Amino acid sequence: MTETDFLCLTPFLILALAPIVIMLVISIFRNYEIVFGFSLLSLILAFAALFFIAPAIPHSIQPLFIIDMYSLFFLGIIFISAFIVALLSYNYIKRLEGVREEYYIILFTSTLGAALLAVANHFVLFFLGIETLSISLYILIAFQRTKDNSIEAGIKYLILASVSTAFLLFGMGLIYTAFGSMMFSEIATAISLQGPLTSLAITGFGMMLVGIGFKLALVPFHAWTPDVYQGAPAPVSAYIATVSKGAVMAVLIRFFFNIKGFDDHYLFIIISAIAILSMFIGNILAIRQQNIKRLLAYSSIANMGYLIIILLTGTNKGIQASLFYLISYFITTISAFGVITLLSNAKNEAEMISDYKGLFWKRPFVAIVFTLALLSLAGIPITAGFIGKFYVIFEGMKAGLMLLVFAMIISSVIGLYYYLRVITTMFSPAGETTLPQITFMGKFTLAAITISILILGIYPGWLIDIITRFVGL
Amino acid sequence: MILFYLIAILLGGAFLSWMAGRLSAALPRIISLVALTADLILIVAFVLQLDTLNNKWLVDLNADWIPKFGISFHLALDGLSLLMLILTFFLGIISIIISWKEIKVRVGFFHFNLLLILAGIIGVFLSLDLFLFYFFWELMLVPMYFLIGIWGHEKRIAASFKFFLYTQASGLLMFIAILALYFVHGRSTGVYTFDYMQLLGTQMGYTTELLIMLGFLAAFLVKLPVVPLHNWLPDAHSEAPTAGSLILAALLLKTGAYGLLRFVVPLFPSASVSFAPIGMLLGVVGILYGAKLAFAQTDLKRLVAYTSVSHMGFVILGVFSFNEIAYQGVVMQMIAHAISTGALFILAGQLYERTHTRDLNKMGGLWETAPVMGAVGLIFAMASLGLPGLGNFIAELLILLGAFKANVFMSCLASVGLIAATIYSLRIVQKIFLGKKITDWKFNDLTIREKIVSASLVIIIVWLGIFPRTVLNTAKPALQKTLEVQKENNNDNNKTESILDLRFKN
C-alpha cells in the first residue's frame, strides 16, 4: 500500500476507528453526551478528510477501490446526511430506556458500509459494503427493543434483506461466469467485446437488480418499506430513506453506466417497467395511509421510481440530474423525518396524520417546515423538489423517454393528493393532541434544512455548477 | 427594474403582513393595503411619464437565472400586461377592503396568502421566459389553495383539493409542452433557451406544433375555464371566502385568457388556426352551457360562478377569431368581466355576512331592507347581461363582431348567449331584491366602507362602457403585434426569423 492509498482511505479509517473508540469509552465510562459529541466530531473529521483527498484523485486501489470525483461527491452527501441524522437523533435516542450510546456505534458501521458502496469498483467491495450497511440497519431498525413493531420491522428487514442479498450474490456469480471478472471496468470491456448480452448475463443482471431493487425499495421489491419505516425509530427511517438508498444508488449508477446497461434492450424494458410501477404503486398506495411514516415510505418508493429514469438516459448530464435530485430528495426527506423525530418522544411517536391536526396554529414553525418538505416532495415551485423533478424530466425528455416522463407527470399528480391531505390536516382547526416542545438545537437544524430547500428551489444554479465540476460534461 | 420592484413589494408586504399578524389584526390589512397602493401608484406614475404607449415593450428586464438551462429572469411590460397589472392592483386593494370585516381569524396569514397570489399573478402577466412563467403560474396555486381551504365555507376542503389537482395536472402538461418547445427550438437552431422572444417563430412540423400547443391549451383552458374542464370552478368559487372568489373570478381566470393571447396564438400560428373551429365551438358551448347552468342554480355564488363560465366562453370565441376587433373585445371582456363578476361576488359576500345563507330561495324582497345594495346589484346584473352603456356590452359586441367575420354560424349561436344572460341576470335581481319576502331579514344596508367599494366598481364599469377607447388604445399595439406575428409565421414559415429579430429589437 502506498501513501496515497492510505490518504485516500482516511475517511474510511476514521469511520472504522470511531465505533471502536466509542466502544472502549462506553466500557469505562458511559456518558451519552460525550458519545454524541464524539460522533459528530468524527463525522466532521471524515468530511474534512475529503478535502485532503481531493488533490490526489482520481485514484484507484486495485482491484477493489476507485476514488474519483464522483465517489467524493457521494461520500460528501453521505457524511452530511449521517451528520444531520445524528443531530436529529439526540433527543429521540436520549429519551429511550436502557442502553443508548450503542446507537452511535451502529450508526458509524452503517455509514461505513454506505461509504464503501460509493467507492466500490468490484463485486467484492460492493457486496461487503451492502452487507455492512444491511446488518447495521437490522440493529438500528430494531433498536427500540421494548416496542413490538420495532422488533417486527427489524426481523422483517432481516429476512427479506437476506433473501435479496442471496439474489444479488447469485447474480454476481452468474455475471462472473459470463465475463470472467468481478471488476466493473473489466466487465464493461468484456461486454463491449462480446456484443449483445447472452441470456446468462441478462439473468445475472436481472438477479442483481432484485437485490438492488430491494435496497432501493422499487416495486415489486418494496413490500418491506412501509412496515420498516413505521417500526423503525424516526431518525433511522430518515437514515434508510437517505443514506442507505443514496449509497446503493451511487453504486448502481456507476455499475450501470460502466456496463452501458441502457443500450441493452431487455434491461431497458425491465428498468422502464420497474420505474413506472414504482411511481404508480408508490403513489397510489400512499393515498389511503393514515400513518405518516408509512405515507413517506410509499412516497419514497415513488421518488426512487422517478430517479431511476436517469439510468436510461445514458449521459453524464443524466448523472448530474440524478445527483441534484438525490440532494434535493435527501434534504427534503431528512426535513420531513426530522419533524417527526422532534415531535416524537419515547412513549408515543407522532406518526398518525391526525396527530398533526391544527399543527400550524399551535406550532407554526414546525408546520411550515413540514409543509415545505411535503411541497418539495410533491415538486411544487420554490422548493428544491421542483428543480429536482424539472431536472429529471428535462434529461428524460432530452433522451426521448417520453413514456416515462408522462408516467412521472401523471403519478406525481396522484401523489399530490396525499401530500395535500397532510398539509390540509396541519392547517385545519386545532386538535386535542399535545406534542412535545422542540429543543433549540432541533429548531436550528430544521431551519437550516428548510432554508436550503428554499435556496435550492429558487436559485439552484450554483449547485448545478458544483455538480458539473464533480461529474464533468 | 420597476417590474422587479412591483413583485418585490408584494412579496415583502406578504411576509411583513404575516409577521404583523401576531401584533394586531389591523396591521396586516394596512400593510397589504400600503403595498398594493404603492404598486398601483408606481405603475401608473411610470406609465404617465412615458411618451408613447405604441412601443411593443414599454419596459424590459432581462437577467440570468439558471444560465445552464437557458433560463432567464425576463420580465417585460406591454399594453396588454399593463392593463392587467392595473386591474390586479386595483382589485387587490378592493379584496383587502372587502375582507376587512369578513376575515376575523388568522388575519396575518390570510394577507400573506393574498399578496402571494397577487405576486404570482403579476408575475404571470409579466414573464417573458417560459420557465419563469411556469414558476409564477404554480406560485399562484399554493396560497390560493390555502385561501380556499382555511377561510372557505363548509365544503372548502374538497373544493380546494379539486382546484389544486385540476390546475396542477394541467399545469404539468403545459410544463412538458414548454420543455418540448425548448428542445425543438434548440435542435433546430442550436440555441437552447426558454426566452419567449427567441422561441417565437420556432420551426417545427405541423404535428409537433399541434401537440405542443395542446399542452399549453390544457393549462389555459382549465384555468379559463372551458366547458368540459370547468368542473373545479363552481366549487372553488362558491366555497372560497369573498376575497378568494373575487380574485379567482376576476384575476386567476384572466391568466388563462392572457396565456392564450400571449403564448398560444403567436407561438403556434398554424396549429392555432387549425384549432380555431374547435376553439370557437368550445367557446359557444361554454357560453350556452354556462348560462343554462347559471339559470338552474339556487346558490348565489354558484350562480355567479357559472356566469363566469359563460362569459369566458366569449373570450375563447374571440381569441380564435384571429382579428383585431375580436381581440379588443377579448381584452375588454377580461376587464369588464373582472369588474362586474367581482362586484357580484362581493354582493354575494355582503349578503352572506348579513343573512348567513347563499340560498336564493331564502331571499326575496330585500330591496326594501337594503335599497343601496339592491341598486348596486341591479347595475351589475345589467352589466352581466350586456346592457349598452356598461363595459360588458362593448366587450361582447366587439367579440361578436369579430367572430362574425371569422365564422358567421358560431357568432350567431353565441349571440343567443346574450338572451340567456338576460334571463339569469334578471333572475338574480328578481330572486334577491324583488318578489315576495320569504324570510323577514333585518339587517343594515351597505356601510360606508362597502359603499365606497361598490361606488368605485360602478364608476369603472360605466366608464368602460362610455369611454372604452382608453383601454382599447392601450392594448392596441400589443394586440396588433400578436396578430402580425401570428399571420406572418402562418403564411411564411421560412422567412420569419429575420423579420422578427428586427421587430423586437426595441
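Which residue forms a salt bridge with D227(A), and how far apart are the closest N and O atoms? In this predicted model, the partner is R294(A), with 2.9 Å between the closest N and O atoms; a salt bridge here is a side-chain nitrogen of Lys or Arg within 4 Å of a carboxyl oxygen of Asp or Glu. Residues are numbered from 1 along each chain as its sequence is written, while chains are lettered from A and ligands numbered from 1 in the order in which they are written. Because the model is predicted, local features need pLDDT of at least 70 and side-chain atom pairs count only at pLDDT 80 or more, whereas totals for chains, interfaces and linings use all residues; side-chain values use heavy atoms, with hydrogens and water left out.

Chain A consists of domain 1 (8–259) and domain 2 (261–473), with bounds from an automatic or database domain assignment. The centres of the two domains, taken over C-alpha atoms, lie 21 Å from each other. Contact (heavy atoms within 4.5 Å) links 50 residues of domain 1 of chain A to 55 residues of domain 2 of chain A. About 4,700 Å² is buried between these domains, and carbon and sulfur atoms account for 79% of it; buried area is the accessible area (1.4 Å probe) that two parts lose on being put together, summed over both.

Polar interactions between the domains of chain A comprise one salt bridge and 10 residue pairs in polar contact, both residues being at pLDDT 80 or more. A polar contact is a pair of N or O atoms within 3.5 Å; within protein, one must be able to donate a hydrogen and the other to accept it, and residues adjacent in sequence count only if both atoms are side-chain atoms. On the side of domain 1 of chain A that touches domain 2 of chain A, α10(A) gives the most, with 14 residues; helices are DSSP runs (H or I, at least four residues), numbered from the N terminus.

Next comes the interface between the chains. Here 35 residues of chain B are in contact with 40 residues of chain A, and the buried area is about 3,300 Å², 85% of it from carbon and sulfur atoms. In chain B, K68(B), F69(B) and I176(B) lose the most area to chain A, together 18% of what that side buries. Between chain B and chain A there are zero salt bridges, but six residue pairs are in polar contact (both at pLDDT 80 or more).

Key
Helices (H or I, at least four residues) and strands (E, at least two) are DSSP runs, numbered from the N terminus.
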